[in-house]
Amino acid sequence: SGFNSIGHMDTMPRGRHQIGHYKEGEEFIQNVFHVLSQIFTGKEKSNLAICWLQYEISKVIQCLQAKKKKKLKAQGRKSKKLAKNFLKAPDNRNNLSLWKLYAYLEWLLGNTDDSRKVFDTALCTAGTGGLKSAQLCSLSLLYAQLEVELLESMEGAVTSRAVHILTKLTENGPFVPYGGQVSPVNVLKARKTYEHALQDYLSRTADSDQDQVNDTDQLVNLVGCYALFQYLTVGIDAAVLIYTQASEKLEVSGSQKCENTGENFGILNFPTALEAVTLLHTNLLRFHMKTGVYPLNPLREALTEALKRYPSNQSLWRSYIHIQRKSHCASKARRFFDSVTRSTNSLEPWLFAIQAEQMRKKLTENVQRAAVGEIHCTIPEIGLTNRIVALFEHAVQSENGTHCPLLWRMYLNFMV
């Protein structure tokens, strides 16, 4: 039916309506999934099921963000039905990645108790791999992270369900659902187990062969579980220390690999682990700042260092502009955006620089137009429109920007 985008463009509001998933685009995507699921078998089919469920979850998250309760209910029913059908298939019954996504879906839909049952069932049937099983670590990490988000403050954290989950992971025995506070002895044992496991892994990574290095997911999940465990039982500084140690070790290992092999072998493996560890680190700092008083500087420094290294990571940029919104001094952020756009071909820094200025402009206009009689503008309008146009001009002249439809649409939308 003519020009319709496939998927969605959530960066452009259209009047009061947010641009969502178009009907035709949605039909096309569903058809692709249906056709492929008939062609694929075995492992490929399971991987397709994971992608499909992740796509369904992205739509649920979009409904949550747009606060559309009716649409969320309908979308939730469809997504849950799909997830249950996947798990009924004999090949997928023991697929922990699918169980994890189904539990996460239930949690997003607000069914916390149902989600806990799914997590507990998956952990009970997963066997006793403990810290050696990447999927088990990943499942436990997500479960613990969701439980931590429910905590009002960190005062009663040691007695929480999250500590129980992370302690059980180290015991290599069958999982037992939460029955109350974990004993201090078990907490100490778990800490020792995590410490030894991480040391073994990092020392092995430094001089290992390719097969072992490929298992970077396992390292990321292990670091995530250990740091979260330390955060809940000791405090934020203990957790940050683990992220710092792991990052330093990965940096050294990555550079050694490059020198030894003369190939981009280290570049293939380690930056992915390093990037994931950095993301866990910054997310934990952001969460901690929500629950208590903590200085902004450690988070700002961690984000600026990470973004210099990974200029195309959208999650890190989102966190960066989120913390910069709270600051009325834009010059530091502008200088940072400028330095990153000069040193990389990625388009993300341009897009987020534009978004940051547009948010600043919106804030300024809201203050100036406040209907409360005479008002003194707290943030004077200093040519923000001209600055945004200049950013668009520079962005569309870059090699990647010239060929980016989203950037051109945003530019047109702004000029209108």
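Predicted model: local features only at pLDDT ≥ 70, side-chain atom pairs only at ≥ 80, totals over all residues.
Student: Why is serine 319 called buried?

Tutor: Its relative accessible area is 3%, and buried means under 20%, so serine 319 counts as buried. As for where it sits, serine 319 is part of helix H14, residues 314-325.

Student: What makes Asn283 a contact of serine 319?

Tutor: Contact takes heavy atoms within 4.5 Å. Once the neighbours within four places in sequence are set aside, serine 319 is in contact with Asn283, and also with Arg286 and Leu303.

Student: How do you know that the reach of helix H2 is close to what is expected?

Tutor: H2 covers residues 42-66, which is 25 residues. Just after H2, lysine 67 has a positive phi of about 55°.

Student: What lines the largest cavity?

Tutor: There are 14 lining residues, and Leu136, Lys168, Leu169, Gly173 and Phe175 lie nearest the centre. Helices H6 (134-150) and H7 (161-170) are the elements that each give two or more residues to that lining, with H7 giving the most, 3 residues. The space inside is about 100 Å³.

Student: How many residues of that lining are nonpolar, polar and charged?

Tutor: The lining of the largest cavity splits into 6 nonpolar, 7 polar and 1 charged. Gly counts as polar here.

Note on methods. Residues numbered from 1 in each chain as written. Heavy atoms only, no water. 1 Å grid on protein atoms, 1.4 Å probe; cavity = no way out; pocket = protein on both sides within 12 Å on 5 of 7 lines; lining within 4 Å. Points joined across faces, edges and corners; volume = space filled by probe spheres on them. Helix = DSSP H or I, 4+ residues; strand = E, 2+ residues; numbered from the N terminus. Buried < 20%, exposed > 50% of the residue type's maximum accessible area, 1.4 Å probe, protein only. Expected span 1.5 Å × (residues − 1).
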